[in-house]
Amino acid sequence: MKKYDRDRGLSMFDEVYCGDLGQLPAAGASKFIDHMLETLFAELWADGTLSIRDRRLLLLGAIAAQGDETTLTIQARSALKRGELSGEQLDAMALFLTQYVGYPKGSRVFRVVNEVKAGAVKK
């Protein structure tokens with residue numbers, strides 16, 4: 001019996017990111033991707049103790065603190081698309097996080113949120 005379930009991880013990955021991040025390499029092609037799917041997604045994201053929304057909020061705060069705009073965009077877009085956060089809630093998140101991460105990083109969060117909202121309107 002396998003210790004980890006890559007298929008469960010892949011299913012959760014697609015659920016978390018709405019299938020928007022494209023096709024991942026086949027099993028065995030990338031140890032990094034295999035490990036991420038088998039542990040991060042099949043175990044941590046799939047654990048029912050916290051909802052996907054709860055985890056997303058935690059992650060958005062951590063990413064904002066790091067100033068990683070690329071990952072922030074992916075997370076904010078997925079939260080909006082999955083209905084976990086509305087545009088108004090993303091704005092409130094940006095304002096709130098700015099007080100903790102500082103204005104330089106907070107202004108990036110604000111810009112990303114506005115870009116994500118604008119992109120959602122275009123679709």
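This is a predicted model: local features need pLDDT of at least 70, side-chain atom pairs count only at pLDDT 80 or more; totals for chains, interfaces and linings use all residues.
Visitor: Going back to H1, which of its residues are buried?
Guide: In helix H1 (residues 6-16), the buried residues are Arg-6, Gly-9, Met-12, Phe-13 and Val-16. They lie on the same side of H1, because they cover an arc of only 125° around the axis.

Visitor: What covers them?
Guide: The cover over the buried residues of H1 includes helix H2 (31-45), helix H3 (52-66) and helix H4 (69-81).

Visitor: Which residue caps the N-terminal end of H1?
Guide: Asp-5 does, with a side-chain oxygen 3.2 Å from the backbone nitrogen of Asp-7.

Visitor: A change of topic: how do H5 and H6 pack?
Guide: Helix H5 (residues 87-101) and helix H6 (residues 103-122) pack at an angle of about 170°, and their axes are 8 Å apart. H5 is therefore roughly antiparallel to H6.

Visitor: Which residues meet there?
Guide: On the H5 side they include Leu-90, Met-93 and Ala-94, and on the H6 side they include Val-109, Phe-110 and Val-113.

Visitor: How many residues of that contact are nonpolar, polar and charged?
Guide: The residues of the contact of H5 with H6 comprise eight nonpolar, five polar and three charged.

Note on methods: Residues are numbered from 1 along each chain as its sequence is written. Side-chain values use heavy atoms; hydrogens and water are left out. Buried means under 20% relative accessible area, exposed over 50%, partly exposed in between (1.4 Å probe, protein chains only). Helices (H or I, at least four residues) and strands (E, at least two) are DSSP runs, numbered from the N terminus. The arc is that of the directions from the helix axis to the C-beta atoms. Contact means heavy atoms within 4.5 Å. A polar contact is a pair of N or O atoms within 3.5 Å; within protein, one must be able to donate a hydrogen and the other to accept it, and residues adjacent in sequence count only if both atoms are side-chain atoms. Axes are lines fitted to C-alpha atoms, for helices over the stretch in contact, and angles run from 0 to 180 degrees between N-to-C directions. Angles under 35 degrees count as roughly parallel, over 145 as roughly antiparallel, 65 to 115 as roughly perpendicular and the rest as oblique. Ala, Val, Leu, Ile, Met, Phe, Trp, Tyr, Cys and Pro count as nonpolar, Asp, Glu, Lys and Arg as charged, and the others, Gly among them, as polar.
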